[in-house]
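Reader: I'm new to reading models like this one, so please take a close look with me at one part of it.

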Amino acid sequence: MSQSPKPIDDAKPSDGPEYGEEAFAGISTEHLYQKLQPITLISTNWGQTWYCIPLAVFEPETVEQCGTILELARREGKVVRAVGVGHSPSDLACTTGFMIRMTRMNRIIEISSEKRCFEAEAGITLNELHQELGRHGLAFSSLGSISEQTLAGVISTSTHGTGLAFHLIVCSPTQDSDLFNATLCGIGATGVILRVKMTVEPAFRLKEIGETLPFDEFIGKMGELAKRAEHPRFWWFPAAGTVRCGYANRTTEPVRTNGSWFWDRLLAYHAVQAILFAGRYITSLNTYAGRFAAWLASGGSVVVNDSYKVFNVDCRYPQNTTEWALPLRNAEACIREFRQWIEKEIRDPNGIRPHFPIEMRETTCWIGIVQFKPYGFDTPYHKYFDHFERVVFEHGGRPHWAKAHKLKPDDLRKLYPKFDDFRSVLDRVDVKGIFRSEYVQRHVFGVDVDPRVFKKRVLPGATR
Ligand SMILES: Cc1cc2nc3c(=O)[nH]c(=O)nc-3n(C[C@H](O)[C@H](O)[C@H](O)COP(=O)(O)OP(=O)(O)OC[C@H]3O[C@@H](n4cnc5c(N)ncnc54)[C@H](O)[C@@H]3O)c2cc1C
């Protein structure tokens, strides 16, 4: 849902108890429901890989309504899941309890060109922010591949970005810094984020130069190629044995775009999807789809545009995906090992035929794989993903928090020295556990929650 941001008129959050239990004393539970008018519906993520029917979906517009929902949850003993636009590729945003969709809390509170910062309600999408920031000559320094997400969604999953009696809490690097740090990748477990203040920078343009290299040439000088630009990214097409490289740097050159409906939509999108669909039945076609897509992407290219337009790319079709970060020093060995396995599989008549591309981005080294769902239909991914996860884990990888993984508290404790500090913050701010969704229970608290609880496709019209 997209609404243009409007100026805010309700009071600023404070440390006060305005929406604590005492504020609702004397109001009947029935009256609280009437004030909020919840709806019930099937909720699915962007990738069409997880489905849930929340008990109720609320779309608050004010801080007071958020407080009212939390009071209802407390009275009814329900778990609350604040969500953005549900783009997380795992069941992170799924719940059988109360879902709070934050997208109506999308107002800009303040933008300052001088201070290069803004404050906005947490449900605003990055796309909405780009427009508003652009009007003030400002931009984010870096972004992921899309901008449909909400600000809070990006913060909560560390997109490469209270309980406490339901009182409003302000936290910052200097004020309740433990809660602030925990919320930076809080996966919705530290409470409902209402407003965010963030620094940005003057708007800028990027010039991205693209080239395609044979895999062997790429892997031998990967470290050097990654230093060629402020924002390097690499897309590996295993079936073609090539890597598409993009090097984006700042520029003041005029806007320059390329591409056409015929090449970018008809062939690169629709024709490839049709081949992938046929590849569900004749698996070898997936190899041809990979080579065709690699060929379409090959050749030199130069694009100049506003930064967010260059950062964002077309992520194609619904998909299963997983992405891991590993230390740069381990990247080459990890990729080589994974490649050996993929090539063995491709040679095996019964082996897997991976979809493409495998994306590699360098902050640490992020490696992401996909199996598309052409026209929304399933394709096999378990064997491919299981092997990939085993290899990256052995090379010191850590999973992306928005994406599905199988790690349990004991694994996470080894990877994150502050894992138990995170749990302590949750124990402190969410005493009654109302923000412990199935995902949080499973991965953070080690509760035996079926990892496939939200996997089943729910039929339209189904009731719980
Ligand atoms: C096509 C596609 C491309 C992507 N590209 C990238 C990429 O380039 N880089 C990258 O790192 N990630 C990427 N992602 C992942 C994406 O950025 C995250 O999944 C992000 O969280 C999605 O935001 P959302 O608003 O949909 O949040 P949701 O999926 O709705 O929620 C995500 C988490 O945020 C919590 N949350 C949301 N709002 C609030 C709130 N107000 N208060 C408290 N908690 C809240 C939820 O409880 C949940 O834990 C991509 C995803 C897709 C589908």
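How many contacts beyond four places in sequence does the model have for residues 459-464, where pLDDT stays under 50?

Author: Happy to look with you! For residues 459-464 the model has four such contacts, where a contact means that the C-beta atoms of two residues, placed from the backbone, lie within 7 Å. The pLDDT (the predictor's confidence in each residue, from 0 to 100) remains under 50 throughout 459-464. This is a predicted model, in which local features need pLDDT of at least 70 and side-chain atom pairs count only at 80 or more, while totals for chains, interfaces and linings use all residues. Residue numbers start from 1 along each chain as its sequence is written.

To set the stretch in context, the protein chain has a mean pLDDT of 90, with 92% of its residues at 70 or more. Residues 161-165 have pLDDT below 50, and beyond near neighbours in sequence that stretch makes 19 contacts in the model.

Now step back to the domains, whose bounds come from an automatic or database domain assignment. Domain 1 covers 21-202 + 418-444, and domain 2 covers 205-399. Their centres, taken over C-alpha atoms, are 31 Å apart. Where the two meet, 13 residues of domain 1 are in contact with 15 of domain 2.
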